[in-house]
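Have the picture open while you read.

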Amino acid sequence: MEFTLRIESIDLREIHLPLKEPFRISSGITDVRRIILLELKNADGISEWSECVAGEEPNYSYETVETAWTAIRQWISPRILGAELRNPRDVYPLLERDFRGHSMAKAAVEMGIWALAARSENVSLSKKLGGVRSKIEVGISIGIQHDPDKLLAKVRSSIGEGYRKIKMKIEPGRDIEYVRNVRDAVGRDPRLMVDANNAYDEKDFDVLRRLDEFDLMMIEQPLACDDLVRHSRLQKILRTPVCLDESITSVERAQDMIDLDSGRIINIKPGRVGGFTSSIAIHDLCSHHGIPVWCGGMLESGIGRAHNVALASLPNFKIAGDISPSDRYWDRDIVLPPWTMSSAGTMDVPVSRPGIGVEVDVDRVENLTVNREVLRLPR
Ligand code: OSB
Ligand code: MG
């Protein structure tokens, strides 16, 4: 059956959603998420939602809420609105041609089109993407804490709640001592890892090498956001696998990582790589080379989380994702039902519901909206 993927309108909104507690990484802190939501409508009047993961500040990548809004309005929507799309896979090349960067803005639209295609075909987004799991393993990412014991308390309660992977954010001066304190207290628990968000450089290789003694699952993105060469030098002297996040922006960069041995695991964030088509290409490439992947997070609302859950149901997502339940982030999410985790640390993939598989609480979204713009073809 052929369904039309003609996009008639893109309803852009910015909402403000306060986190339960501030989240700090080496390059910045967030307390209220400013989130761009998109509602895409096709020519049959069917609609579906997506989320843009661009941040409040340009500290994770250069993209921000403002740049993404501009990119979607100015350059992305004119290519998409009214276009005869045959398959969601056609969107990525259409948005890449003569259009550099702005992956998060492109991804928000691309992922919305995948979800809309799923909804109009009455299948789950998971199924549409090639997902095979009805449950995914859940991890937690713990922001940088004020002292080692605060971190330990958070790790302990996360273990108690059943999380399958516990990621501790680190930075110079808040690394060895913090991790040792946790390791000494929790013992040989295999689920621990760290993420540095680019906070180290070649002068710090000795410090990074000392992390080997803690038998971590991986060290995520210790060096610069666009680096592969130095990560390769580092991986050669580390026993712990390096996992790349910021450095992997496309399937080509994933191939480079494999060729250079710059890392042995990839954190796939669909927003960072331009959407689902690119994420699937990276997933497939890694699968072919025996490289496990997992789905990263960007403090998404329940809408972005639905997209991540669907992606994480693909077969080579072999490691728990940074996909925590709604109540880890928000007093109240914007979707119904909210995302929950079982005591075994798993989350159900809504495989029997069409599209993103959750209902958007539109009244709540309305209340949280600070800016709105509907993009459509001029009549
Ligand atoms: O590096 O993975 C990261 C949040 C914002 C920016 C970068 C990162 C993160 C996280 C959050 O680790 C993971 C989550 O959404 O729970
Ligand atoms: Mg990261």
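## Strands side by side

Seven bridges link strand 1 (residues 7–25) with strand 15, and the two run antiparallel. Two strands pair if DSSP finds at least two bridges between them. Helices (H or I, at least four residues) and strands (E, at least two) are DSSP runs, numbered from the N terminus. To find one bridge, look at isoleucine 15: its partner in strand 15 is threonine 369.

## The sheet and its helix

Zoom out and you get an open sheet of four strands in the order 3-2-1-15, with antiparallel pairing. Strand 3 (47–52) and strand 15 (369–376) sit at the edges, each pairing on one side only. From one strand to the next, the twist averages 25°.

Helix 12 (residues 302–312) packs on this sheet, touching strand 2 (28–42) and strand 3, and its direction makes about 95° with that of strand 3. Contact here means heavy atoms within 4.5 Å. Axes are lines fitted to C-alpha atoms, for helices over the stretch in contact, and angles run from 0 to 180 degrees between N-to-C directions.

## Two crossing helices

The axes of helix 3 (residues 103–120) and helix 11 (residues 276–288) come within 8 Å and cross at roughly 85°. Helix 3 and helix 11 are therefore roughly perpendicular to each other (the label covers 65 to 115 degrees). Glu110, Met111 and Trp114 of helix 3 meet Phe276, Thr277 and Ile280 of helix 11.

## About the model

This is a predicted model, where local features need pLDDT of at least 70, side-chain atom pairs count only at pLDDT 80 or more, and totals for chains, interfaces and linings use all residues. Residues are numbered from 1 along each chain as its sequence is written, chains are lettered from A and ligands numbered from 1 in the order in which they are written, and side-chain values use heavy atoms, leaving out hydrogens and water.

How values were computed. Angles under 35 degrees count as roughly parallel, over 145 as roughly antiparallel, 65 to 115 as roughly perpendicular and the rest as oblique.
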